[in-house]
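Here is a brief report on one protein structure. Please read it with the model open.

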Amino acid sequence: MLVPADSGEPRIAPARPRELGPLARIVAAVAGRVSTSGPPNIFTTLGQHPRLFRAWLRYSAHLMPFGKLPRRDTELVILRVAWQCRSAYEWHQHVPIALRVGLTPDQITGVTDKTPADGFTNRQRTLLTVSDELLAQRALSDTTWNAVQATLRNRDAIELCLLIGNYQGLASTIGGLAIQIEQDH
């Protein structure tokens with residue numbers, strides 16, 4: 001759905017796993033086995049800054065995959081952020097995960113609709129609306145907040161907002177560094 005930018009050159013080349021510190025090397029290796037496309041460029045690029053990589057990884061892991069929101073919700077939101085931020089890398093990474101956790105191909109396609117309706121529950125439409133409003137305005141309307149309160153506990157609402165902000169920031173980092181989608185092995 002999202003095609004990578006024309007520039008096929010990363011601004012910072014991914015490191016070879018042996019050039020990384022222990023944590024980044026392990027994370028890249030495990031993620032590469034799971035994805036079957038080799039060590040993901042996101043880890044072999046960001047892993048070149050060990051101190052920030054460690055902090056970012058710990059924070060991000062508390063949102064995904066170890067967040068308290070259901071994984072379907074998390075992946076739905078990540079895909080919406082990837083789509084709205086035009087992050088082909090995030091989209092490419094998370095579509096297979098979304099399918100594994102139970103989102104349907106129609107729902108994944110629906111994430112790309114300006115106003116998704118068909119195939120989504122009220123809860124899912126609320127998650128998509130929250131994503132759209134935070135990305136566009138950095139705030140939520142009273143109507144959307146009322147829908148959040150009717151749908152989520154306060155802790156889940158906090159996690160949702162942090163999840164959206166994390167993946168928006170990651171999309172900016174990926175775009176700024178021109179991190180490329182991995183070539184299938």
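## Basis

This is a predicted model.

## The α4–α9 pair

Helix α4 spans residues 71–84, and helix α9 spans residues 154–177. They pack at an angle of about 40°. Their axes lie 9 Å apart. Angles under 35 degrees would count as roughly parallel, and 65 to 115 as roughly perpendicular. The angle of about 40° therefore makes α4 oblique to α9. The crossing of α4 past α9 is right-handed.

From α4, the contact draws on T74, V77, I78 and V81. From α9, L160, L163, I164, Y167 and Q168 take part. Seven of these contact residues are nonpolar, two are polar and none is charged.

## The largest nonpolar core

The largest nonpolar core holds 46 residues. I42, F43, L79, W91, L160 and I164 touch the most other members. Two of these, L160 and I164, also sit in the contact of α4 with α9. Several helices give two or more residues to the core: α1 (22–35), α2 (41–46), α3 (50–63), α4, α5 (88–100), α7 (122–137) and α9. In soluble globular proteins, nonpolar side chains tend to be buried together.

F43 shows one set of contacts in detail. Leaving out residues up to four places away in sequence, F43 touches L20, A24, V27, A28, A31, F53, W56 and L57.

## I78 in helix α4

L163 and Y167 are among the α9 residues of the helix contact.

A31 is one of the residues that F43 touches. The C-alpha atoms of A31 and I78 are separated by 18 Å. Along the chain, these two residues are 47 places apart.

## Backbone details

Where does the chain hold a cis peptide bond? That bond joins M64 and P65, with omega at about 20°. P65 lies in the loop between α3 and α4.

R86 is not a glycine, yet its phi is positive, near 60°. R86 belongs to the loop between α4 and α5. A178, likewise not a glycine, has a positive phi of about 55°. A178 falls in the segment after α9. Its relative accessibility is 9%, so A178 counts as buried.

Note on methods: Residues are numbered from 1 along each chain as its sequence is written. This is a predicted model: local features need pLDDT of at least 70, side-chain atom pairs count only at pLDDT 80 or more; totals for chains, interfaces and linings use all residues. Side-chain values use heavy atoms; hydrogens and water are left out. Axes are lines fitted to C-alpha atoms, for helices over the stretch in contact, and angles run from 0 to 180 degrees between N-to-C directions. Helices (H or I, at least four residues) and strands (E, at least two) are DSSP runs, numbered from the N terminus. Angles under 35 degrees count as roughly parallel, over 145 as roughly antiparallel, 65 to 115 as roughly perpendicular and the rest as oblique. A crossing is left-handed if the near helix is turned anticlockwise from the far one by less than a right angle, and right-handed if clockwise. Contact means heavy atoms within 4.5 Å. Ala, Val, Leu, Ile, Met, Phe, Trp, Tyr, Cys and Pro count as nonpolar, Asp, Glu, Lys and Arg as charged, and the others, Gly among them, as polar. A nonpolar core is a set of buried Ala, Val, Leu, Ile, Met, Phe, Trp, Tyr and Cys residues joined through side-chain atoms within 4.5 Å. Buried means under 20% relative accessible area, exposed over 50%, partly exposed in between (1.4 Å probe, protein chains only).
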